[in-house]
Amino acid sequence: MSADGKTSKKNIVYKKVTRDKSIAAYLSKRDFVDHGTHIDPVDGVLLVDAGYLRDLKVYCRLKCTFHYGPEDIEMIGQAFQRDLYVSTIQIFPQAGEEPKSLTKMQERLMKKLGDKALPFTFQFPNYLPCSVCLQPGANDPDKFCSVDFEVTAFCVSSLEEKIHKRSSVRLSIRKVQYAPDRAGSSPTAQISKHFLMSDQPLHLQASLNKEIYYHEEPINVSVQVTNNSSKHVKSIKIAVEQTTNVVLYSNDKYTEEVAAEEASDQIAPGSTFSKTYVLLPLMANNRGKHGIALDGKIKQEGTNLASSTILKEGTDREVQGMLVSYTIKVSLLIPGMLGDITSSDATVEIPFLLMHPSPENNKNPEDDDFAIEEASGLSPQETADAEDDD
């Protein structure tokens, strides 16, 4: 309990053990944050059974993989899988490198686990994407697309050997990015539309009160119309569109509405109109839609719509695997001389960012209290591997 009488929140350490009990892997967390200027290191500890291992060596590996489609199918001679990054380090016996400075959690774990505990640390390169996946359709559950990260610990005589599942352990992790700490201007888009047999145009303007919105936060869309034309506006549609560009292999592009409102508001010729609409893009309202991008999953549980991709300067677009962006689209439906058959519209689009807020750090860095949690939740890839025998 903290000094102010409130119960302090324990630090969670994630643990997973190989089937043959030769290695136990401990991770300080499973979400690693890209802060823009730097990225959290992947820090953990391996507890090894040296007596069981004998002449075997223990390695630890960080891997970022892009998946597209069923993994047992090839396209144009190329597999639907590409490792975007692989880094492997030898943990036991120590290869003679100078030990790196330990994080506080590594120090605490090694104190708790004893002298058989060996630390490991990986540094993400600056160009890697964040974890993201494409929701498969209800009629096509095997087709998936994702950027995944995992930490693997295994024992072999040499790196050329096959890694046996009984002597290896895999922990899925996520690389995440929170909303940047910037105010930004209020985004606005406008258009003046001219019509045949109408001397004056119709002017549409739409605006947001900020550039960055958080997941599960309502989005206020202000719409202003000055209708100096002779046309009658029949209805207004406001939508949040998510666009996902798969920039590896397929170059597919998915644009899906994740929230929409079709209002029956009408605007007569020679009049003005002003109204604010509220949209709420939620994963719960988009389940089963193929082409919806989601934040990467660790456990078999719900997730949320994917966060906007923020490309760093000089980053190769292709290495990102998938690029996600969001747009507010406001359309006025304007019937023609033959009614809806010859109708036209006036449309504006406003790009914005949808992200997670940076969480407050409620943990006391000097608090040694932590809890170890068995990492039983598996990613889809881990589940598939667990069903295979060596």
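A salt bridge here is a side-chain nitrogen of Lys or Arg within 4 Å of a carboxyl oxygen of Asp or Glu. Side chains of opposite charge can pair when their charged atoms come close. The model is predicted. Across the whole structure, a search finds ten salt bridges. This tour visits some of them.

**Stop 1: Asp34 and Lys312.** Select both side chains. They meet in a salt bridge, 2.9 Å from N to O. Aspartate 34 sits in the loop between β3 (31-33) and β4 (42-48). Lysine 312 sits in the loop between β20 (293-295) and β21 (322-336). The pair links distant parts of the chain, 278 residues apart.

Are these two residues buried or exposed? Aspartate 34 has a relative accessible area of 4%, so the residue counts as buried. Lysine 312 is also buried, at 18% relative accessibility; the cut-off for buried is under 20%.

Stop 2: Keep the first pair selected. Asp34, Lys175 and Lys312 are linked in a network of salt bridges.

**Stop 3: Glu217 and Lys210.** Move on to this pair. Glutamate 217 and lysine 210 form a salt bridge, with their closest N and O atoms 2.6 Å apart.

**Stop 4: Glu257 and Lys237.** Select these last. Glutamate 257 forms a salt bridge with lysine 237, and the closest N and O atoms are 2.8 Å apart. Glutamate 257 lies in strand β18 (residues 253-263), lysine 237 in strand β17 (residues 235-246). They are 20 residues apart and link distant parts of the chain. Check the surface again. Glutamate 257 is partly exposed at 29% relative accessibility. Lysine 237 is partly exposed at 28%.

Definitions and conventions. Residues are numbered from 1 along each chain as its sequence is written. This is a predicted model: local features need pLDDT of at least 70, side-chain atom pairs count only at pLDDT 80 or more; totals for chains, interfaces and linings use all residues. Side-chain values use heavy atoms; hydrogens and water are left out. Helices (H or I, at least four residues) and strands (E, at least two) are DSSP runs, numbered from the N terminus. Buried means under 20% relative accessible area, exposed over 50%, partly exposed in between (1.4 Å probe, protein chains only).
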